[in-house]
Amino acid sequence: MKIVLIHGTDTDKSLVRYKQIIDVTKGRGWEIVYIDNGGKLNLKEQLVGGSLFETEKLYVIKRASDTDDKTLEWISNHSKDISGNLLVYLTADAPATLAKKLPKDTKIEKFTLPQNLFKFLDSVYPGNHKTAIKLLHEVVENEALEMVLAMLGRHFRELYWVQNDAQSMKLPSWRTSKLKSQAHKFQDNSLSEFITNLAEIDVNSKTGKGDLAIALDLLLLTRLK
């Protein structure tokens, strides 16, 4: 069995790669089996139950939680004897334990966003407009403004979520704590207003009614003073 792990914070690029593998698999006439622990059979049971006379299969896991440690250990020990291929696609960095328990010959493809982008996102809060604008300009030297806007929008939706319903967020505790700290720096309805401003900037830039770079600078300058 050949195993491929696709993961990382750059979900746009990882999704392109994931779709590429799926399209190639379909083009070969292989069967694609999506693994879900909520189903009748888990991955190990499906792999063991396969017939030698069936068509080639690609097993797909899209959540780390759908493969427990015992199953990963079993796959690592028996992968050479199993027909078919396994694709693990995660829209985040893979847990260290998952990567370590997969066979050594697993092909790992990691797509990572630049660290200065995360520094920029963490810097966007009231009273910090100078640093935020400086970091924004550093990021867009190598990254598309449209991508930065999309990441900023997603980040602020998380800030709004953690400010209003933190208990429902299924994130690591350190990540939730970090979001809470940043969200608490915004008062009243300023988070929701910031999100509205981002949506307006997005629409205006796509319809030719405004310059995206200037609009983001002005937003940071006026909202973070």
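1. Axes here are lines fitted to C-alpha atoms, for helices over the stretch in contact, and the angles between N-to-C directions run from 0 to 180 degrees. Helices (H or I, at least four residues) and strands (E, at least two) are DSSP runs, numbered from the N terminus. The model is a predicted one, in which local features need pLDDT of at least 70 and side-chain atom pairs count only at pLDDT 80 or more, while totals for chains, interfaces and linings use all residues. Residues are numbered from 1 along each chain as its sequence is written, and side-chain values use heavy atoms, with hydrogens and water left out.

2. Helix 7 (residues 145-165) and helix 10 (residues 212-223) have axes that come within 10 Å and cross at roughly 35°. Their crossing is left-handed, a term used if the near helix is turned anticlockwise from the far one by less than a right angle, whereas clockwise is right-handed. The contact, meaning heavy atoms within 4.5 Å, is made by Leu-145, Glu-146, Leu-149 and Leu-152 of helix 7 and by Leu-212, Ala-213 and Leu-216 of helix 10. These residues divide into six nonpolar, no polar and one charged, where Ala, Val, Leu, Ile, Met, Phe, Trp, Tyr, Cys and Pro count as nonpolar, Asp, Glu, Lys and Arg as charged, and the others, Gly among them, as polar.

3. Helix 7 also packs with helix 9 (residues 190-206), at an angle of about 160° and with the axes 10 Å apart. The two helices are therefore roughly antiparallel to each other, the word for angles over 145 degrees, while those under 35 count as roughly parallel, 65 to 115 as roughly perpendicular and the rest as oblique. This crossing of helix 7 and helix 9 is left-handed. Among the residues that make the contact are Leu-149, Leu-152, Phe-156 and Tyr-160 of helix 7 and Phe-194, Ile-195 and Leu-198 of helix 9. The residues of this contact divide into 10 nonpolar, three polar and two charged.

4. A nonpolar core is a set of buried Ala, Val, Leu, Ile, Met, Phe, Trp, Tyr and Cys residues joined through side-chain atoms within 4.5 Å, and buried means under 20% relative accessible area, with exposed over 50% and partly exposed in between (1.4 Å probe, protein chains only). The largest such core has 32 residues, and those with the most contacts inside it are Leu-117, Phe-120, Val-124, Leu-152, Phe-156, Phe-194 and Leu-220. Helix 5 (115-123), helix 6 (129-139), helix 7, helix 8 (173-183), helix 9 and helix 10 each give two or more residues to this core, and the largest share, eight residues, comes from helix 7. A second, separate core of 17 residues includes Val-33, Leu-72, Trp-74 and Ile-75.

5. Ala-94 lies in the loop between strand 4 (85-89) and helix 4 (96-101), and is buried, with a relative accessible area of 15%. Ala-94 and Ile-6 are 88 residues apart in sequence, and 8.5 Å apart in space, C-alpha to C-alpha. Not counting residues up to four places away in sequence, Ala-94 touches Leu-5 and His-7.

6. Asp-188 is found in the loop between helix 8 and helix 9 and counts as exposed, at 72% relative accessibility. Most residues other than glycine have a negative phi. Phi of Asp-188, however, is near 50°, a positive value in a residue other than glycine.
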